[in-house]
Amino acid sequence: MKLVFVNIMQELQRFDSMSYLTQPPIPFAILNAVTPKAIETALVDEQTDEVRWEGDAFGFSVSTQNSKAVYDYADALRAGGKKVILGGIHVTVCPEEAMCHADAIVTGEAETIWSEVCEDLLAGRLRGRYEGSPTPPSRMTPVDYRFFGNRRYLTPASLFATRGCNRRCSFCVSSRYMGPYRTKPLEVLEQEVDQLTRLYPQAFLQFTDDNLLASRKYAAELLALLRRKRRRFATMVTVDQFCDRALMEEMAASGCLGVAVGVESVDDNNCAAVSKYQNLQQPFVDAVHRANQLGIQTVALIMVGLPHDTPQALERTLEYLKQVPCSYYDMRVLRIYPSTPLYREMLATGDVTENWWLKTESSGTCNQLLPSSLSMHFRHGRFDSMQLQHLSLRFIAELSGTGLGTVSQILRVGYRGRALRFAGLLLAGRQRSARQARMLLRQVEQAMVASGQTAASPWCSPVVENAAARLAASAVPESAGSKP
Ligand code: SF4
């Protein structure tokens, strides 16, 4: 029996500036470690490998973004007599849907029940549904990174120390899927850090945790460990953590190179509307300046399409953000994930359709041109999908500039943090993002012109305005000639 773990990253392949952000799919290494020896295992990772379907059974981790692609693969494999097992966040929140495409599904965290699934697979008696439970810290064991072989990931030393999140932002599905906030025993984490040092001595540690610093006591112990191990690292932080001077100083002293900050919106009304209370009334700009002084690069995670966004407000936000010296802006359109409070609210008002992730996108919009992080699957009273996509691409294009001032600022931060290579990665990322956003902008603008919605749009770029003017000019003689 050969079981193949398959990592599908459909979304990334459609956006060049994100496709290089590759990292090992750690959950499969965790499952591999608890797979009985009687089963041969392999990994197919769409980020790095040519996908080949050579095996008897296939295990997929399903997210809302890749659900349709995974279901298509799963249906084809099952039609060919292969067994398919599905798990992951999307399966946990939409189990009935996933069961239509699988021989078995696993909800929740799979590692506690995986050996039972494997025994049933070997015995040919898979039952439809298995329910995993949150892994207690006492059962967490070190990830064996040798599972990923010599695949070349951008951040091969990715790891996580905690599971879950103690916050409840209303758009967030991962905090609900992951169960209670838990921390990995430090002796287990230390073994992982040592292993990663042996395998990738030059790579920085990339923590993939939703909320690494939620427990300050654990965070202090973790940072002390990283200081002792002299390993550089990057992680995500919440806005209130980022604005905590003492915490950021401790991070810098412990080897932090950069943080991704969950800003989402600079409008407190938007943050309150999605229960992101930790962002309210925080001195974010001061904190960016302080991080720059400390040698920590700031990546701001921004979301557009939030309830209080309007074209005018986002124009003001864009001008405002241009003055904030972040090293990188990661821009996304709000995504309405199933099972979240926001999804339920918007279903009730008819602003989102049930199971939107399964629907083929309408050819009447330009959604199909864009990566799913910039697609719009809901109704917003102030924007249609093309307008919001156009604006988000402008955000990316205009906030990813690599003018002399920006380059020297990012290099200065890198110099202070003794991390010039990391600064180079960010600069390369900015270049890629700006180049691709400009290319996509042209396509979206052509679609806007073709649908005749450009002339009155206050957010039109000069390209759109010129195209609209040309269209209008070419229409004059025709209508003039038809008059009696
Ligand atoms: S802080 Fe981040 S991970 Fe936690 S609930 Fe909010 S969005 Fe989700």
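This is a predicted model: local features need pLDDT of at least 70, side-chain atom pairs count only at pLDDT 80 or more; totals for chains, interfaces and linings use all residues.
Reader: What makes α9 roughly parallel to α10?

Author: Helix α9 (residues 186-199) and helix α10 (residues 216-229) pack at an angle of about 30°, with their axes 11 Å apart. Because angles under 35 degrees count as roughly parallel, α9 is called roughly parallel to α10. The crossing in which α9 passes α10 is right-handed.

Reader: Which residues of α9 and α10 meet, and how many of the residues in that contact are nonpolar, polar or charged?

Author: From α9 come Leu186, Leu189, Glu190 and Val193, and these meet Glu221, Leu222, Leu225 and Lys229 in α10. Sorted by class, this contact of α9 with α10 holds 5 nonpolar and 3 charged residues, with no polar ones.

Reader: Why is α17 called roughly antiparallel to α19?

Author: The axes of helix α17 (residues 385-399) and helix α19 (residues 420-450) come within 8 Å and cross at roughly 155°. Since angles over 145 degrees count as roughly antiparallel, the label for α17 against α19 is roughly antiparallel. The crossing of α17 and α19 is left-handed.

Reader: What residues does α17 bring to its meeting with α19, and what is the contact like by class?

Author: Helix α17 brings Met386, Gln389, His390, Leu393, Arg394, Ile396 and Ala397, which meet residues of α19 including Ser433, Ala434, Ala437, Leu441 and Met448. By class, the contact of α17 with α19 counts 11 nonpolar, 3 polar and 3 charged residues.

Reader: How do you know whether Ala397 is buried or exposed?

Author: Ala397, which has its place in helix α17, has 20 C-beta neighbours inside 10 Å. A residue is buried if 20 or more other C-beta atoms lie within that distance, and therefore Ala397 counts as buried.

Reader: Which residues is Ala397 in contact with, leaving aside its neighbours within four places in sequence?

Author: With those neighbours set aside, Ala397 is in contact with Ala434, Ala437, Arg438 and Leu441. For Ala397 and Ala434, which are 37 residues apart along the chain, the separation of the C-alpha atoms is 4.5 Å.

Reader: What residues are around the ligand, and how do they divide by class?

Author: Around the ligand are Cys165, Arg167, Arg168, Cys169, Cys172, Ser174, Ser175, Asp210, Asn211, Thr238 and Gly262. By class, this shell has 3 nonpolar, 5 polar and 3 charged residues.

Reader: How many helices and strands does the protein have, and what share of its residues count as buried?

Author: The secondary structure comes to 20 helices and 14 strands, and 43% of the 484 residues count as buried.

Terms used
Residues are numbered from 1 along each chain as its sequence is written. Axes are lines fitted to C-alpha atoms, for helices over the stretch in contact, and angles run from 0 to 180 degrees between N-to-C directions. Helices (H or I, at least four residues) and strands (E, at least two) are DSSP runs, numbered from the N terminus. Angles under 35 degrees count as roughly parallel, over 145 as roughly antiparallel, 65 to 115 as roughly perpendicular and the rest as oblique. A crossing is left-handed if the near helix is turned anticlockwise from the far one by less than a right angle, and right-handed if clockwise. Two residues are in contact if their C-beta atoms, placed from the backbone, lie within 7 Å. Ala, Val, Leu, Ile, Met, Phe, Trp, Tyr, Cys and Pro count as nonpolar, Asp, Glu, Lys and Arg as charged, and the others, Gly among them, as polar. A residue is near a molecule or strand if its C-beta atom, placed from the backbone, lies within 6 Å of it. A residue is buried if 20 or more other C-beta atoms lie within 10 Å of its own, exposed if 12 or fewer, and partly exposed in between; C-beta atoms are placed from the backbone.
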